[in-house]
Amino acid sequence: IAATQPSTNWHLKENARDHHTSKFSSRELIVRRGQAFTVTFNGTEQPEQNLTFITETGPKPSKLAKTQATFGISSTVSKESWSAVLQSTSSNSVSISISSPPNAVIGRYKLSVQSTSSGGSSPASLGTFVLLFNPWSSGDDVFMPNKAECEEYVLEEFGIIFAGNKNHINSFGWNFGQFQGDILSICLSMLDRSLNYRQDPATDVSHRNDPKYLGRVLSAMVNANDDQGVLLGNWSGNYEGGKSPSSWTGSGEILQNWKKSGFKPVRYGQCWVFAAVLTTVLRCLGIPTRTITNFSSAHDADGNLRVDEFYDASGNHLDRAADSIWNFHVWNESWFSRSDLGPSYSGWQVLDATPQEESGGIYQCGPASRNAIKEGDVDLDYDCPFVFAEVNADCMYWNYDPATGKKTLIFSKSTVIGQFISTKAVGRDDRVDVTNDYKYEEGSPKERDIFKKARKKLGLEDKFDPTAPTPQEIDQKPDISGKFKVAGPLEVGKDLNLILVLANLQSDVKTVHVNMTAWSTVYTRRPIHEIWKDSISVTLSPKEEKQFPIKILYTEYQQQLTTDNTIQVTALCHVEGGIQVLVQRDITLDNPAIDIQVLGEAKVNKEVDVEVIFTNPIDVEVMNCVLQVEGNDLLRGILEIDVPPLKASEKSSTKFKLIPFETGPKHLLVHFSCDKFADIKTFKMVNVID
């Protein structure tokens, strides 16, 4: 080999097209494992059969750890190891096709070439390239046979996240942006900042061929607990010193901020932010991933498959239990095989980056096989009992007297938890319900059998639990029933109108004393501020039903509302001579609408005007209005526009220009906030043509 540095042609365009990596905006070669790529280099004067290639990754490359490989030119591609096949030669350059094994370690590699004949000359570097997982290759652990699913779960940069509550599902767009700027480099440096890497870099890198290993490590790195990871969680309702979790519209800004600050945790995240960032990182590395929303999600802190909630005599929801039932919770599913468990547990795996409970001493969760959850196989790795409880736990509602410490069971329910489990459809902006993939039909004998099987595997069947209600308590029957009905719009800025409906189930007269409260909450149903309270006494004739209208004024709740726009209304009914009845409803208020119009056709590299229209729906002026816009291939970075204050009922129109730089269906995300409305979000699909 000549003493001069060989020059390398990485055939960036052709290789990227063949490897589904064209969306990365990088001048470095990015390819997928288990598939050939072409490299041409010059400066070699040796016959090509005398060339040896070396690929290496990580701080201590070694053949034993599979982080280094040495290979000559061969006539065929090897399935088991790295190999090179000659494509063509000219007087001073050589084109070769290099293939990696389908289970190669992913990450940034150095490629060098050495001549074998001239006796121990030092290898010449050809440069670096990045190797990723390959869901298009049947030999890969992440192989996904359905091409449309590969497109959605690896290549799609726009997502829809479902939120709200089980009575009222809403959704918002998210810009995953896994191919933006230096996101890939940030994802690779995230791996090098994990606890595992810090403790033993060489061993950590040698495990990076395994999606279940990387999924678990990254579920820890996306939260700041333990390892100075990406996002600091905050569920207090007070987000001073950072951005409120509801104000983010994409992962790019969060990951860039983390890097820019010298890898200090970004403030603040809540479950969908953790899940969205993990989706970005895993899609970027080539592991098919999606976000999943579970409505009425249990956080079972003590592992007894039971969630306890406590209320005082006035009907206030007491924030005293480690257990809780969230209006919704968002986690991830990633697609890969489970050689450790067997083929029936392959497919979608649950990962959760929200720091809820420690696993193995740190805040990480998964991968838990979704099939294992459905079948109640909670003894399998990793964290199946916690995920099983999120979708299956039984609920116990207690009356608690703080003075005496005495608690009395009000009622228990086994059908509340885990409803309308949702994800975005493949190739469409719609919701798909995947509840049946997590459990058998609620209330069916099969579902109860699986629940018993899980309890048994966790050793809960044989253990006496002094905190559990007695069978007598569980079997007691209430004399009355109650529910809250919505009577009118559920919108921020309007009064909240409800009807409490009480019905006497018995054939004698009942007297009921009702204590009612309304609290603003965060989406985890943690009470933040009392908004309203009232009490009434009611006489119900035999089998009689009565309705009691309730009005909570906008002026009463406006100051107390959190950015989640959630209110919990409770009525604790003390029935004379009978057991207490708890009536409750979680209400999510909708923000006013915001409208986007694209004025004209969107064409590549041509300016197009966009108009955003917002009407102030309340009878006071709104101030500090800011519009934020982002969208891959439509504009770079985030556009921020200050909007003048709006008087009562006034309509504002804000115009700006886009210059799209890619064709196809693109999504524009718009976020509007002001002093009276936090985080109004909407998105619009823009079809960009040539």
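A cavity here is a set of grid points where a 1.4 Å probe fits but cannot get out, and its lining residues have an atom within 4 Å of one of those points. Keep in mind that this is a predicted model.

How many cavities of 30 Å³ or more does the count come to? The count comes to two. Let's take the second largest cavity, at about 40 Å³. Around it sit Lys374, Phe388, Asn392, Tyr438, Lys439, Tyr440, Glu447 and Ile450. Helix H10 (384-392) and helix H12 (445-457) are the elements that give two or more residues to this lining. Sorted by type, the lining has four nonpolar residues, one polar and three charged.

Eight of its nine residues are buried, so H10 is largely enclosed by the rest of the structure. Among those buried residues are Phe388 and Asn392, and both names also turn up in the lining of the second largest cavity.

Now for the largest cavity, which holds about 60 Å³ of space. Its lining includes Glu152, Tyr153, Phe158, Arg283, Arg290 and Lys424. Four elements each bring at least two residues: helix H2 (147-155), strand E10 (158-165), E14 and E22. E10 gives the most, with three residues. By type, this lining splits into four nonpolar, three polar and four charged residues.

Of the 38 residues lining it, Lys23, Glu157, Asn632, Asp633 and Lys666 are the closest to its centre. H2, H7 and strand E37 (664-673) are the elements giving two or more residues to this pocket, and H7 gives the most, with five.

Next comes the second largest pocket, at about 850 Å³. It is lined by 34 residues, and the closest to its centre are Tyr397, Phe411, Lys413, Leu582 and Gln584. Among the elements that supply at least two lining residues are E17, strand E21 (406-413) and strand E30 (581-588). E30 provides the largest share, six residues.

| Pocket | Volume | Lining by type |
|---|---|---|
| Second largest pocket | about 850 Å³ | 14 nonpolar, twelve polar and eight charged residues |

In general, strands of a sheet pair through backbone hydrogen bonds, either parallel or antiparallel.

**A nine-strand sheet**

Elsewhere, nine strands make an open sheet with mixed pairing, in the order E1-E3-E7-E6-E5-E4-E8-E9-E2. Its edges are strand E1 (8-9) and strand E2 (29-32), each pairing on one side only. Inside that order, strand E5 (residues 68-74) and strand E6 (residues 83-89) run parallel and are joined by two bridges.

Let's begin with Tyr239, in the loop between strand E12 (231-233) and helix H7 (251-260). Is Tyr239 buried or exposed? It is buried, with a relative accessible area of 9%, and buried means under 20%. Beyond its neighbours within four places in sequence, Tyr239 is in contact with residues including Asn234, Tyr268, Val522 and Thr563. Its side chain also makes a polar contact of 2.8 Å with that of Gln270.

The other one is Arg306, in strand E15 (residues 306-311). Arg306 is buried too, with a relative accessible area of 6%. Which side chain does the side chain of Arg306 join in a polar contact of 2.9 Å? That would be Asp465. Leaving out residues up to four places away in sequence, Arg306 also touches Asp300, Asp323, Ala393 and Pro469, among others.

How values were computed
Residues are numbered from 1 along each chain as its sequence is written. This is a predicted model: local features need pLDDT of at least 70, side-chain atom pairs count only at pLDDT 80 or more; totals for chains, interfaces and linings use all residues. Side-chain values use heavy atoms; hydrogens and water are left out. Buried means under 20% relative accessible area, exposed over 50%, partly exposed in between (1.4 Å probe, protein chains only). Contact means heavy atoms within 4.5 Å. A polar contact is a pair of N or O atoms within 3.5 Å; within protein, one must be able to donate a hydrogen and the other to accept it, and residues adjacent in sequence count only if both atoms are side-chain atoms. On a 1 Å grid over the protein atoms alone, a cavity is a set of points where a 1.4 Å probe fits but cannot get out, and a pocket is an open set with protein on both sides within 12 Å along at least five of seven lines; lining residues have an atom within 4 Å of a point. Grid points are joined across faces, edges and corners, and a volume is the space filled by probe spheres set on the points. Ala, Val, Leu, Ile, Met, Phe, Trp, Tyr, Cys and Pro count as nonpolar, Asp, Glu, Lys and Arg as charged, and the others, Gly among them, as polar. Two strands pair if DSSP finds at least two bridges between them.
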